[in-house]
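Let's take a friendly walk through this model together.

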Amino acid sequence: MGHDHDHGHDHTHGANKKALMISFFIISAYMIIEVIGGFITNSLALLSDAGHMLSDAISLGVGVLAFTLGERAANYGKTFGYKRFEILAAVFNGVTLIAISLYIFYEAYKRFATPPEVASTGMLVIAIIGLLVNILVAWILMRGGDTEENLNLRAAYLHVLGDLLGSVGAIVAALLILFFNWGWADPLASVVVAILVLISGWRVTKDAVHVLMEGTPKNIELDHVIDTIENVQGVLSIHDLHVWSITSGQNALSCHAIVDGGMTVDESQTLLRTIEHELKQRGIGHVTIQLEDATQPHEDSIMCQVGQDLSARHHSHSH
């Protein structure tokens, strides 16, 4: 059972890494073109899109680095290996995005006051190519990687979607300048991009900090977990329950379970296997359970007290 799961994980891991690598090279190359284009055509919308692309390129590059480091085996110094690096990378990404968006707001503010001349034809051409590049990269990430579960890949994917909208904004602005000579369309488009960047930056940062704070994973319902364990034959009650994420897509659980005193070693092993199997179905891979005899409770630690209250509260709710 365990082997299959790991094999599946490695497969998506490889696919994720490959999708990120390809996307990283495409985005980096186009970003350079867009920066040059932004300066030549004097368009803030293009420059802000390029700024967004830079953050994309960083996010994709850091993502590749995170996967590469995450592959390094666990050792005595880092018993979980380097999986957490992904989450640190996501925090770094989110903060970078927020900083970039604030800078764009500042630049746009200056431009609204005195709209400069923009070479709209060049801007239009570059923005259209940018849109196509973003569609290509979004497709590669969607097809090749796991954008649902993996925080790092999701961050990269959100970046690219934001980019795509940035390119659309630049295209619309270029058309408005071309046909109506509305100079303010350029800083306006850049503000729209900045808002998108700000939102995605905030979200990614919030999710990553939640993982760093050992928060309960979003897709795990603690009540369901308590029910799952307590419904296993032989378990009387549980306490001192903790569920957390090691990195995105890898959840861990530890708890103390009070079991029937008359169990043989074999029976308790079977009991543990059953619980592990049940929890694996619920998306929790690392399970550590300490079995205790109801007749000899151990010294009450704080969490055990809390745990018993939790368990009691949970029961009064469910009945």
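Helix α5 gives the most to the nonpolar patch, with 4 residues. Helices here are DSSP runs (H or I, at least four residues), numbered from the N terminus. Bear in mind that this is a predicted model, where local features need pLDDT of at least 70 and side-chain atom pairs count only at pLDDT 80 or more, while totals for chains, interfaces and linings use all residues. Residues are numbered from 1 along each chain as its sequence is written, and side-chain values use heavy atoms, leaving out hydrogens and water.

The patch on the surface is formed by Phe112, Leu175, Leu178, Phe179, Phe180, Trp182, Trp184, Leu188 and Val192, which together have about 870 Å² of accessible area (Shrake-Rupley method, 1.4 Å probe, with only the protein chains shown counting as cover for residues). To join such a patch, residues need over 30% relative accessible area and no salt bridge, with nonpolar side chains (Val, Leu, Ile, Met, Phe, Trp, Tyr) joined within 5 Å. Both α5 and α6 (185-212) supply at least two residues each, and Trp182 sits in the loop between α5 and α6.

Now follow α5 (residues 151-180) to where it packs with α4 (residues 120-144): the angle is about 160 degrees and the axes, lines fitted to C-alpha atoms over the stretch in contact, are 8 Å apart. That makes α4 roughly antiparallel to α5, a term for angles over 145 degrees.

Finally, look at helix α3 (residues 85-113), where Glu107 and Lys110 lie 3 residues apart, about one turn of the helix. Their side chains meet in a salt bridge (3.4 Å, N to O), that is, a side-chain nitrogen of Lys or Arg within 4 Å of a carboxyl oxygen of Asp or Glu. The whole structure has 5 salt bridges.

Technical notes: Axes fitted to C-alpha atoms, helices over the stretch in contact; angles between N-to-C directions. Parallel < 35°, antiparallel > 145°, perpendicular 65-115°, else oblique. Patch = residues over 30% accessible without salt bridge, like charges linked within 9 Å, V, L, I, M, F, W, Y side chains within 5 Å.
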